[in-house]
Amino acid sequence: DAFALERIIGQNDLLSINYLARGLQASKSVCRIHIFNPVNRPEGYGTGFMISPTLLLTNNHVIPSKAYAKRSLAEFNFEYDEDFLPKRTHFFHLNPQLFFYTDEALDFSLIAVRPTSRHGESIRQFGFLFLTEQSGKALATEEVSLIHHPSGADKHISIRNNKVLNRFQDFIHYET
């Protein structure tokens, strides 16, 4: 159409505005994990997220054992508000005595979280991300967004230039 005043050039990356609201809602369940070594010294950080009102999912390389889980903390709200001011964070102890499962080959750990924080807040206020048994939801070349704490920093979202590269039976490879 020679008279069109607006057109998409290149790849269409349009998203409905509700994408941002849904992402913000999902981000509430994402936490920064404080990892402590066997002598209770800070060792590093990781990212985890709630998948039920009581269970946290993270990587096995972040929390490889019950002993690490017992010493680690989940920190929620480590992020900045609209005015670039830090939000009040909430620390929760993990509870591997109640539930702990890890798989080194699949690189995940699933750990119970204590229901209240050090200051009495409920873990339920952060919600959880619903997982389904259906596999194959992510397709090769599909774009994805990631909410995480890169290198232990405040909460970030990787929203552009993220793509599933390959899909295998138990893994996906993506770039971001």
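I took rings of Phe, Tyr and Trp (its six-membered ring) as paired if their centres lie within 6.5 Å, with planes under 30 degrees apart counted as stacked, over 60 as edge-to-face and the rest as tilted. I worked on a predicted model, in which local features need pLDDT of at least 70, side-chain atom pairs count only at pLDDT 80 or more, and totals for chains, interfaces and linings use all residues. I numbered residues from 1 along each chain as its sequence is written, and side-chain values use heavy atoms, without hydrogens and water.

**Aromatic rings.** I found that Phe76, Phe92 and Phe126 form one aromatic cluster. The count by this rule is 4 aromatic pairs. Among them, Phe76 and Phe126 are stacked, at 4.6 Å centre to centre and 20° between the planes. Both Phe76 and Phe126 are buried (under 20% relative accessible area; exposed is over 50%, partly exposed in between; 1.4 Å probe, protein chains only). I then looked up Tyr101 and Phe108: the ring centres are 5.9 Å apart and the planes at 40°, so this pair is tilted. Tyr101 is partly exposed at 42% relative accessibility, and Phe108 is partly exposed at 22%.

**Nonpolar core.** I defined a core as buried Ala, Val, Leu, Ile, Met, Phe, Trp, Tyr and Cys residues joined through side-chain atoms within 4.5 Å. The largest one has 18 residues, and those with the most contacts inside it include Ile33, Phe76 and Val113. A contact requires heavy atoms within 4.5 Å. Leaving aside residues up to four places away in sequence, I noted that Val113 touches Phe92, Leu94 and Ile123, among others. A second, separate core of 5 residues includes Ile51 and Leu110.
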